[in-house]
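Visitor: I would like to go through this model and ask what the terms rest on.
Guide: Here it is.

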Amino acid sequence: MSVDPALPTDKDWVRLLVGDYDPTDETLSDDTINAIIAEVLAHGASAEGAKYCAAAQAGGLMAASWTATSGGKAEKTVSKLSIQYSGGGSGSAIEVYNGYIAGLKEKCTRLSLSRPSVLKAW
């Protein structure tokens, strides 16, 4: 299922934040995203931080999946976004994506600071 443009649920936010919203080529299922959201909430993520915590974990899962399925070369195209990794160098697309995921982790942490158990998950 694709992302609802009204973004009524955390699942829709997660899909938008990680760029996994092309219904013909989704990397993660709705069930997987919902399970990740439930996990971060169970570990104490605040309601406002949950979508960023879940997006950080989902994005990491996606990046690992791309690398594992391509023998170390990650490639993913979603709409106009294309991520390709051919093995190295500073500034490679996967490194940029991982930097973006690190930013989601920071936002998760900032929004969930009153819940220290979330910090243990990182």
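Visitor: Which residues of the largest nonpolar core touch the most other members?
Guide: Val 14, Tyr 97 and Leu 104, out of 24 residues. The model is predicted: local features need pLDDT of at least 70 and side-chain atom pairs 80 or more, while totals for chains, interfaces and linings use all residues. Numbering starts from 1 along each chain as its sequence is written, and side-chain values use heavy atoms, without hydrogens and water.

Visitor: What makes a set of residues a nonpolar core?
Guide: Its members are buried Ala, Val, Leu, Ile, Met, Phe, Trp, Tyr and Cys residues joined through side-chain atoms within 4.5 Å; buried means under 20% relative accessible area with a 1.4 Å probe, protein chains only.

Visitor: Which helix gives the most to this core?
Guide: H3 does, with 10 residues.

Visitor: What is Leu 104 in contact with, beyond its neighbours within four places in sequence?
Guide: Leu 17, Tyr 52, Ala 55 and Ala 56, where contact means heavy atoms within 4.5 Å.

Visitor: Why is H1 called roughly perpendicular to H2?
Guide: The axes of H1 (residues 10-18) and H2 (residues 30-42) cross at roughly 105° and come within 10 Å. Angles of 65 to 115 degrees count as roughly perpendicular, so H1 is roughly perpendicular to H2.

Visitor: Which residues meet there?
Guide: Asp 10, Lys 11, Val 14 and Arg 15 in H1 meet Asp 30, Ile 33, Asn 34 and Ile 37 in H2.

Technical notes: Axes are lines fitted to C-alpha atoms, for helices over the stretch in contact, and angles run from 0 to 180 degrees between N-to-C directions. Helices (H or I, at least four residues) and strands (E, at least two) are DSSP runs, numbered from the N terminus. Angles under 35 degrees count as roughly parallel, over 145 as roughly antiparallel, 65 to 115 as roughly perpendicular and the rest as oblique. Buried means under 20% relative accessible area, exposed over 50%, partly exposed in between (1.4 Å probe, protein chains only).
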